[in-house]
Amino acid sequence: MKITRDQVEHIAHLARLEFSEKEIEAFTRQMDNILTYFDKLKEVDTTSVEPTSHAIQVKNVFRDDEVKKSIALDLSLKNAPEKEGNFFRVPKIIE
Amino acid sequence: MNREKDIMDLHTLTIHEAHEHLKNRDFSARELTQALLKRIEEVEPKVKAYLTVTSEKALKEAAQADKMIAAGEITPLTGIPLAIKDILCTEGITTTCGSKILKNFVPVYDATVVRNLKRAGAITLGKANMDEFAMGSSTENSAFGPSHNPWDLSAIPGGSSGGSASAVAADECIASLGTDTGGSIRQPASCCGIVGLKPTYGRVSRFGLVAFGSSLDQVGPLTKDVRDAALLMNILAGYDPQDSTSVNKEVPDYTTFLKPDLKGITIGVAREYFIEGIDPEVEKAVKEALHVLQDLGAKTVDIALPHTEYALPVYYLIAPAEASSNLARYDGVKYGFRTGKDENLIAMYKKTRSEGFGAEVKRRIMLGTYALSAGYYDAYYGKASQVRTLIRRDFEEAFKKCDVIVTPTAPTPAFKIGEKTDDPLQMYLSDIFTIPVNLAGIAGISLPCGLAQNRLPIGLQVIAGPFEEEKVLQTAFAYEQNTDWHVQKPKL
């Protein structure tokens, strides 16, 4: 096995997802299949090959630090599932 | 001309045909838009290409377009009704990305490509269905149900831009916009017998495109013919200060490269794209297409793309890794779906995300989180990024010997709805010929090159180097002008 049930549960926590027992089993099996397939990459010699994170050369893009028009407060809160005054409302974080 | 007959068939027109008529005042943008809305009413219950149809807004935009035309300010897109993939932000129009988690999300701004189309006077008919967050090859991962292939309603239209493709093939719009991360424009174009172009990474702005794989995503056109793809590229391409990965490079008039022959063009043919498992009808159609291209004056050479077989595992590590990071923003706080409000914050995140995302999205978030997690990064994401370099170099070497590369777009014609939903790896194989183009960041087009015995379309892919969209358009146009696959229509 490439991946265990415990690992799948740990990854789920990192990804802020939760699954039923049945789903955990299915995911473990499917991820195991997919990861086994990925082993194919071990065949390739990548000694001293630079990784590609972007297909085209990207460099830092700078601009002047000017104040520009941004999205208005009421609009930025428009899609909030819950709000209070000018704030996004979330469950209590500090006891 | 027979005006009455033409008005009956307005929905079948291409962009350039409709433009000529609008310019000559044969009909108004309003009449054209009404014809399309009527067509949608008639066939949409069967095809299910749209998630939202914005009839009223479309008619208002048509009135605006008619004013532009009356004022002599017509552009090639003025008054042309389009469908927009539901991954592109449209101000005031729900943008779901095919996901329950964004079911009620109404953007407060337009994507740059949408804004540019509006400026040109184009009309938005509505938002097209897609696989959730563009993850899929069939639209079966849409939280709102699959779209259907107009050629065979029991078949998939391809994906993830399946709604955009089926809307064009069913004449429910004149053309549409899609996005392509691993084949999501080209594979559905192939399945639906239309033209779909994925531009070079950086050619088109991604501002307002809901992010999936940020180093791979590009917006592009799905159209009834190659000239229309060139016309849309004239509007879509260009630098956008709001997308720092867009490239500040001059945009040519793509229509100037549409010539009837291919003298002086060298076409590369890679044996790695004619593998075991490819449908014999697809192989035959593509080989016949190569003969047509030779007859038009092109020379063919054998080329090698030796790392092709590794493209699929590389993609399914890199794209999910990027997705797992991009989709972290759906936490039930700022926008979108939320549940579990009485719990603590972490529990609320988990409930919201677990209920809001579908199975394939969760699978890819899990894969990506794993590939990036401590102890596995080097073995998975790191290794994949190195092999990506080798795939890119394969293309660089190949383009020293040829101008374009011709391949099948997909290994098979469209499969049946439900046929591959239980086996993610089988589904992933649909994109085996399109994925390398995204990994290398280069340009590719799919255009129709045949019909299988079951009357499902077959697609031809033409690939060129970075910022050489004109070469894929030139090759595709010459082929199209000498064949008649693009004028074949499904019977609906």
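Biologist: In this predicted model, how many residues lie between S10(B) and S11(B) in the hairpin they form?

Modeller: Strand S10 (residues 443–451) of chain B pairs with S11(B) in the antiparallel sense over 8 bridges, and within that pairing Ser446(B) stands opposite Gln461(B). The turn of the hairpin holds Arg455(B), whose phi is positive at about 65 degrees. The number of residues between S10(B) and S11(B) is 5.

Biologist: What percentage of the residues of chain B count as buried?

Modeller: The C-alpha trace of chain B spans about 70 × 55 × 45 Å along its principal axes. Among its contacts between residues at least 6 apart in sequence, 76% join residues at least 24 apart. Of the 492 residues of chain B, the share that counts as buried is 62%.

Biologist: What is the radius of gyration of chain A, given its 95 residues?

Modeller: Chain A has 3 helices and 2 strands, which run α-α-α-β-β from the N terminus on. Its C-alpha trace spans about 55 × 45 × 25 Å along the principal axes, and 17% of its 95 residues count as buried. A compact globule of 95 residues would have a radius of gyration near 12 Å, but that of chain A is 23 Å.

Biologist: In which helix of chain A is the confidence highest?

Modeller: Across chain A the mean pLDDT is 91, and 99% of the residues score at least 70. Confidence is lowest in H2(A), where the mean is 92, whereas the highest value, 95, belongs to H1(A).

Biologist: Which element gives the most residues to the side of chain A that touches chain B?

Modeller: In all, 39 residues of chain A are in contact with 54 residues of chain B. The elements that give two or more residues to the side of chain A that touches chain B are helix H1 (5–14) and helix H2 (21–38) of chain A. The residues on this side divide into 26 nonpolar, 7 polar and 6 charged. The element that gives the most, with 7 residues, is H2(A).

Biologist: Which helices of chain A do the buried residues of H12(B) pack against?

Modeller: Helix H12 (residues 359–372) of chain B has 14 residues and reaches 20 Å from its first C-alpha to its last, close to the 20 Å expected. This helix is mostly covered, with 11 of its 14 residues buried, among them Val361(B), Ile365(B), Leu367(B) and Tyr370(B). These buried residues pack against helix H10 (311–326), helix H13 (378–398) and helix H14 (424–428) of chain B, and the helices of chain A that they pack against are H1 and H2.

Biologist: Is Pro91(A) buried, exposed or partly exposed?

Modeller: Pro91(A) is placed in the segment after strand S2 (87–88) of chain A, and it touches Lys341(B), Glu343(B), Asn344(B), Leu345(B) and Met348(B). A residue needs 20 or more other C-beta atoms within 10 Å to be buried and 12 or fewer to be exposed. Pro91(A) has 17, so it counts as partly exposed.

Key
Residues numbered from 1 in each chain as written. Chains lettered and ligands numbered in written order. Predicted model: local features only at pLDDT ≥ 70, side-chain atom pairs only at ≥ 80, totals over all residues. Contact = placed C-beta atoms within 7 Å. Helix = DSSP H or I, 4+ residues; strand = E, 2+ residues; numbered from the N terminus. Nonpolar A, V, L, I, M, F, W, Y, C, P; charged D, E, K, R; others polar. Rg over C-alpha atoms; globule rule 2.2 N^0.38 Å. Expected span 1.5 Å × (residues − 1). pLDDT = per-residue confidence, 0-100. Pairing = 2+ DSSP bridges. Lists of a residue's contacts leave out its neighbours within four places in sequence.
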